[in-house]
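Thank you all for making time this morning. Please have a look at the sequence and the structure on the screen, and then I will walk through a few of the contacts.

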Amino acid sequence: MKRIITYGTFDVLHYGHVNLLKRAKKLGDYLIVVLSTDEFNQIKNKISYYTYEQRKIILEACRYVDLVVPEYNWEQKKDDIIKYQADIFVMGDDWKGQFDYLNDLCEVVYLERTSDVCSTNTKKHLKSKEQK
């Protein structure tokens, strides 16, 4: 069985996220999503629209995702790859080159992002609707 691992906040899940998860899952048999906790998002200066638990519920409902686990810090990636026996580490291509140091543990793949959608714009749109 080929295991895929990916990381992210996955806030305001949209079709770009689903495309990424679908393409990641096609690379193997089992997709693990390591989801940023609310505390880790604070460290990254990110504010999520949904809480960790809400984002986890949404991801677990996605048919491409087999397991969702928490991300607490930047440094845990090597340990996660070993713990979950990941064969492929997948990230969006906006991170290209940032995780090449993991090539000694598994294959690193950067997938092209869906160009016409992003969580930041979606959150801005939601916020503007709330203010009306």
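Predicted model: local features only at pLDDT ≥ 70, side-chain atom pairs only at ≥ 80, totals over all residues.

Let me begin with Trp95, which is partly exposed because its relative accessible area is 28%; buried means under 20% relative accessible area, exposed means over 50%, and partly exposed is in between, using a 1.4 Å probe and protein chains only. Residues are numbered from 1 along each chain as its sequence is written, and side-chain values use heavy atoms, with hydrogens and water left out.

Now to the overall picture. The protein has 5 helices and 5 strands, where helices (H or I, at least four residues) and strands (E, at least two) are DSSP runs numbered from the N terminus. Read from the N terminus on, the order of elements is β-α-β-α-α-β-α-β-β-α, and 44% of the 132 residues count as buried.

Which residues form the aromatic cluster? Tyr7, Phe40, Trp74, Phe89, Trp95, Phe99 and Tyr101 belong to one cluster. Rings of Phe, Tyr and Trp (its six-membered ring) pair if their centres lie within 6.5 Å, and planes under 30 degrees apart count as stacked, over 60 as edge-to-face and the rest as tilted. By that rule the whole structure holds 7 aromatic pairs. One of them is the tilted pair of Trp74 and Trp95, 6.1 Å centre to centre with 55° between the planes. This pair links distant parts of the chain, since Trp74 sits in the loop between strand 3 (67–71) and helix 4, and Trp95 in the loop between strand 4 (88–92) and strand 5 (107–111), 21 residues apart. Trp74, with a relative accessible area of 39%, is partly exposed.

Phe89 and Phe99 also form a tilted pair, 5.1 Å centre to centre and with 55° between the planes. Phe89 lies in strand 4 and Phe99 in the loop between strand 4 and strand 5, so the pair ties together parts that are 10 residues apart in sequence. Are these two buried or exposed? Both Phe89 and Phe99 are buried.

Let me turn to charges, where a salt bridge is a side-chain nitrogen of Lys or Arg within 4 Å of a carboxyl oxygen of Asp or Glu. The count comes to 5 salt bridges. In one of them Lys77 is joined to Glu71, with the closest N and O atoms 3.0 Å apart. Lys77 is buried, at a relative accessible area of 1%, and Glu71 counts as buried too, at 2%. Lys77 also lies over the face of Tyr7, at 4.5 Å from the ring centre; a charge sits over a ring if NZ of Lys or CZ of Arg is within 6 Å of the ring centre and within 35 degrees of the ring normal.

Another salt bridge joins Arg113 and Asp94, whose closest N and O atoms are 2.7 Å apart. Arg113 lies in the loop between strand 5 and helix 5 (119–131) and Asp94 in the loop between strand 4 and strand 5, so the pair ties together parts that are 19 residues apart in sequence. At 35% relative accessibility Arg113 counts as partly exposed, whereas Asp94, at 53%, counts as exposed.
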